[in-house]
Amino acid sequence: MGAILNYAMHERFTSIGSQRRMEMSAVYHLKLSKKSIKGARIALLPGDPGRVPVIASAINNEGASEIACNREFRTWLADIDTHPVVITSTGIGGPSAAIAIEELAQLGIKTFIRVGTTGALQRHIKAGDVVITTASVRIDGTSEHYAPLEYPAVSDYSVLNALVEAASSVNVRSHVGITASSATFYPGQERVDTFSRYVIRDLAGSKKEWEHLGVLNYEMESATLLTMCNAMGLRAGCVTGVISERSEKEKIIHSKIRAAEGNAIAVAVAALRRLLTDYPPSP
Ligand code: URA
């Protein structure tokens with residue numbers, strides 16, 4: 001006889017109130033429908049599900065609420081004036097980010113801003129600062145399923161501009177440039193303080209090379225986001241808060257995580273306000 005699995009317990013964690021009766025039109029992983037996102041055109045994408053309500057309350061402390069939660073994909077909806085904004089966590093890395101982007105695009109989202117954390121590759125970039133990505137080195141793996149490697153992973157100009165202007169408007173120290181977007185946190189970012197203490201030949205020396213080529217930082221989702229959005233005619237940008245200084249050491253600087261996340265969120269939300277007024281998403 002097969003094992004009796006307690007799905008009732010699982011259900012309690014994955015369904016939210018009336019969302020339990022999902023509409024047939026809901027997308028499979030995100031458990032969202034056009035109706036549940038109320039015609040939203042713009043989405044903020046943190047990696048971490050725990051950061052979703054923090055971002056939602058930074059947008060609108062009163063009116064924000066959770067509308068779905070399944071696996072790593074947690075979604076809140078918050079209004080800015082009359083504009084609904086979706087905040088969905090992507091989980092870590094390209095494969096799960098690609099699912100979130102694909103399903104949000106199916107529901108009508110046209111503009112995406114990744115809000116995450118990052119490791120700095122240049123000495124002048126300090127923990128707590130933010131990096132605004134102009135373009136990403138495509139070492140994410142996933143983006144090759146959307147466009148050949150020759151195709152660039154670049155930010156949308158209006159989203160990039162909004163992020164840069166937003167950073168100065170909220171007085172956050174920012175750095176604008178190229179990001180290396182890795183499929184892995186450990187070998188792809190040449191970490192050797194690991195179980196195996198080994199990085200394969202293809203990746204050995206890669207950190208020094210990116211530093212030498214002026215790459216600002218490492219993270220894990222921007223190449224997938226920027227490649228997919230360009231390939232699909234959508235707009236995207238990326239802001240990340242620095243939580244490790246990789247020219248100094250491998251470890252995460254825990255004392256700076258709050259500041260880094262807070263700064264990235266402040267910049268993303270200020271950019272969102274600019275995008276909704278100065279550069280309204282096309283219908
Ligand atoms: N995210 C990454 O991908 N790397 C870091 O070092 C920190 C955050």
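User: Which residues lie nearest the centre of the largest pocket, and how many residues line it in total?

Analyst: A pocket here is an open set of points on a 1 Å grid over the protein atoms alone, with protein on both sides within 12 Å along at least five of seven lines, and a lining residue has an atom within 4 Å of a point. In this structure the largest pocket is lined by 20 residues, and those nearest its centre are Ile92, Thr117, Phe185, Met220 and Glu221. This is a predicted model, in which local features need pLDDT of at least 70 and side-chain atom pairs pLDDT 80 or more, whereas totals for chains, interfaces and linings use all residues. Residues are numbered from 1 along each chain as its sequence is written, and side-chain values use heavy atoms, leaving out hydrogens and water.

User: Which elements give two or more residues to that lining?

Analyst: Strands are DSSP runs (E, at least two residues), numbered from the N terminus. For the largest pocket, β5, β9 and β10 each give two or more residues to the lining, and β5 gives the most, with five residues.

User: Where does the ligand sit, and which residues are around it?

Analyst: A molecule sits in a pocket if more than half of its atoms lie within 2 Å of the grid points; here the ligand sits in the largest pocket. The elements giving two or more residues to the shell around the ligand are β5 (111-120), β9 (217-219) and β10 (235-245), with the largest share, three residues, coming from β5. Residues count as near when a heavy atom lies within 4 Å, and those around the ligand include Thr117, Thr118, Gly119, Phe185, Tyr218, Glu219, Met220 and Ile252.

User: Which residues make polar contacts with the side chain of Glu66?

Analyst: Glu66, in strand β2 (residues 65-70), is joined through its side chain to that of Arg74 by a polar contact of 2.9 Å, and to that of Trp76 by another of 2.9 Å.

How values were computed
1 Å grid on protein atoms, 1.4 Å probe; cavity = no way out; pocket = protein on both sides within 12 Å on 5 of 7 lines; lining within 4 Å. Helix = DSSP H or I, 4+ residues; strand = E, 2+ residues; numbered from the N terminus. Polar contact = N/O pair within 3.5 Å; in protein donor to acceptor, adjacent residues only side chain to side chain.
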